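Dear colleague,

Please find below the structure that I am handing over to you. I would be grateful if you would read the notes that come after it alongside the model.

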Amino acid sequence: MITIENVSKMFKTKAGLVTGVDEVSLDIRKGEIYGIVGYSGAGKSTLLRCMNILERPTTGKVWIDNVDLLSLSSKELREARQSIGMIFQGFYLVSSKTVFENVAFALKAAGVPKSKRKNRVLELLELVGLREKANDYPAQLSGGQKQRVSIARALANNPKVLLCDEATSALDPGTTKSILKLLKKINQQFGITIVIITHEMEVVKEICNRCAVMQEGRVIEEGSTYEIFANPTEPLTKAFIQTVLSFELPAKLLENCTGTLMRLQFRGDIAGEAVVSDMLQTFSVSGNILHGKVEYIGETPLGIFIMEMTGERSEVDKAVAYLKERVNQLEVIQHA
Amino acid sequence: MLDRIIELLPELNTAFLETMLMVGISLLVAVLIGLPMGILLYVTDKGLFLENKFVKLVVGIIVNLIRSIPFIILLVFLIPFTKLLTNTTIGPLAASVSLSVAAIPFYARIVESAAREIDKGVIEAAVAVGASPWMIIKDIIFPEAKPGLISGLTITAISLIGYSAMAGTVGGGGIGDLAIRYGYYRYDDTVMFTTVIVLIVLVQFVQYLGDFIAKAVNKR
Ligand SMILES: Nc1ncnc2c1ncn2[C@@H]1O[C@H](COP(=O)(O)OP(=O)(O)O)[C@@H](O)[C@H]1O
Ligand SMILES: [Mg+2]
């Protein structure tokens with residue numbers, strides 16, 4: 001649906017040439033929710049803005065729905081943009097217009113006659129759950145409500161693609177959840193392809209089918225969200241995963257721990273407890289699960305346990321090797 | 001003193017109407033030409049949807065050029081132009097020419113800075129939705145900048161009241177003219193005093209009205 005080919009974007013600044021995006025190629029499929037994560041300044045927004053040519057790539061190509069966006073005249077580009085919705089961290093509603101007028105503006109921009117606008121706007125406000133706020137001004141709304149209005153505006157002209165630039169970063173966790181739920185509903189109900197930019201891995205975990213990790217303008221790792229969570233390879237990816245999957249063990253616990261401490265990770269299709277009990281029967285070690293949780297990456301469970309193992313060092317080593325064969329990931333945190 | 005004022009009333013009335021005429025005409029011209037010029041300065045700025053270095057530079061230079069000339073000199077400088085346009089160099093209509101020329105760049109800069117107050121993201125969201133430049137100007141920039149445009153018009157009107165008094169001294173008529181003719185050349189304190197009061201009341205009224213309207217249209 002969205003094809004980015006060798007896109008680079010340089011900025012001329014007083015300090016010289018700054019690279020925003022560096023030779024990025026991506027293929028985002030129809031109907032998926034695609035996440036792009038990275039720290040601030042990684043080039044995420046610039047890349048996203050290249051997808052609707054708010055930023056014209058210095059080099060490279062951009063196709064949306066098989067249309068080469070860089071070949072379009074400015075009028076054609078305006079028409080193409082009507083089928084590419086975009087929402088922002090700062091909402092960017094027109095403060096002098098009511099909620100209704102804000103949404104209606106998108107229809108007006110697309111040349112929808114006035115008589116047809118009203119029903120469509122009300123339908124959109126119904127979809128985002130703000131029908132009763134139609135005549136309010138943005139200043140009267142909460143952050144979550146403002147983002148809902150901006151979603152309604154972005155969806156007004158039935159876009160094929162929705163670009164989200166840190167759409168939930170200004171919102172509290174509860175509101176973030178509800179906005180993500182709305183995005184998911186939109187994706188499922190209308191089959192709209194969604195691209196989400198965020199610095200929060202939690203957002204990716206929640207709704208993205210696939211994701212890419214960006215650093216210094218480049219995409220350093222890409223894959224299905226589950227694979228990225230289960231088998232991250234780049235250090236930065238691991239750091240991002242940690243923010244969701246890690247849990248702090250109390251220092252006291254680590255101090256008092258006499259055995260070998262390890263972290264086990266099970267993929268959804270492995271029955272974690274069974275593997276551990278098999279191991280305990282095969283080797284003369286004893287195991288004690290200190291902590292465990294199951295994270296759902298999308299729909300698929302990923303289990304993580306912290307286990308303390310005691311016994312002869314040689315037996316422990318054998319047991320660890322046995323487990324390593326059978327679990328998705330095993331990391332010895334602390335030896336006895 | 002009261003007798004003197006009553007005696008003066010017809011002349012004061014004429015002077016007041018002349019001032020209103022001069023300010024009114026130049027304010028109208030400021031809106032008709034200065035407003036589009038200010039919008040042009042804004043939308044051709046770097047990073048905006050009609051970015052154009054050349055236009056921005058040329059319009060910017062013209063605006064600065066006129067603004068850097070003191071009004072009293074502009075008044076004299078524009079005499080041939082005034083003559084060409086109105087066939088005379090005296091009277092409120094003639095004075096309106098130089099007042100208008102001064103008002104255009106004055107208001108244009110105010111419009112530009114009022115538009116700059118709009119969050120760039122709001123403009124960008126409109127670009128992203130596929131709106132045409134004209135639609136963005138008409139439906140986003142105007143309504144969003146409206147309070148600033150109105151308070152800018154207030155500032156322009158008040159400056160023009162001041163300038164019109166200056167224009168009066170070279171035969172433009174109006175309250176300034178009255179003050180100079182009686183108050184300055186004939187040492188008539190009553191006239192001087194009365195015209196000052198009239199000017200103060202006028203300025204206060206314009207300011208109050210401007211603030212009131214600006215507040216009424218502000219939805220933020
Ligand atoms: N308009 C611009 N002018 C100059 N530099 C820019 C501009 N936009 C972005 N950059 C630079 O490009 C890099 C990537 O920025 P951005 O895409 O905003 O990152 P992110 O969204 O990941 O935080 C940064 O170094 C930033 O300073
Ligand atoms: Mg960003």
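This is a predicted model: local features need pLDDT of at least 70, side-chain atom pairs count only at pLDDT 80 or more; totals for chains, interfaces and linings use all residues.

Residues are numbered from 1 along each chain as its sequence is written, chains are lettered from A and ligands numbered from 1 in the order in which they are written, and side-chain values use heavy atoms, with hydrogens and water left out.

**Confidence**

The predictor assigns the complex an ipTM of 0.83 and a pTM of 0.84. The mean pLDDT of chain B is 89, and 99% of its residues score at least 70; pLDDT is the predictor's confidence in each residue, from 0 to 100. Helices (H or I, at least four residues) and strands (E, at least two) are DSSP runs, numbered from the N terminus.

**Chain A against chain B**

At this interface, 22 residues of chain A are in contact (heavy atoms within 4.5 Å) with 21 residues of chain B. The two chains bury about 2000 Å² between them, and 62% of this lies on carbon and sulfur atoms. Buried area here is the accessible area (1.4 Å probe) that two parts lose on being put together, summed over both. Of the area that chain A buries against chain B, 27% is supplied by A:Arg78, A:Tyr92 and A:Phe105, more than by any other three residues.

The rule finds 2 salt bridges between the chains, a salt bridge being a side-chain nitrogen of Lys or Arg within 4 Å of a carboxyl oxygen of Asp or Glu. A:Lys108 forms a salt bridge with B:Asp139, with the closest N and O atoms 2.6 Å apart. There are also 6 residue pairs in polar contact between chain A and chain B, both residues at pLDDT 80 or more. A polar contact is a pair of N or O atoms within 3.5 Å; within protein, one must be able to donate a hydrogen and the other to accept it, and residues adjacent in sequence count only if both atoms are side-chain atoms.

On the side of chain A that touches chain B, the elements giving two or more residues are α2 (74-81), β6 (84-88) and α3 (99-109) of chain A. The largest share, 4 residues, comes from α3(A).

**The two domains of chain A**

Chain A is assigned domain 1 (2-242) and domain 2 (251-334), the bounds coming from an automatic or database domain assignment. Their centres, taken over C-alpha atoms, are 40 Å apart. In chain A, 10 residues of domain 1 are in contact with 15 residues of domain 2, and the area buried between these domains is about 870 Å², with 45% from carbon and sulfur atoms. A:Lys205, A:Tyr226 and A:Ala230 supply 64% of the area that domain 1 buries against domain 2, more than any other three residues.

The rule finds 1 salt bridge across this domain interface. A:Lys205 also forms a salt bridge with A:Glu295, the closest N and O atoms being 2.5 Å apart.

**A loop residue**

A:Ser169 lies in the loop between β7 (161-165) and α6 (173-190) of chain A. The side chains of A:Ser169 and A:Glu166 are joined by a polar contact of 2.4 Å. Beyond its neighbours within four places in sequence, A:Ser169 is in contact with A:Gln89, A:His199 and A:Glu200.

With kind regards
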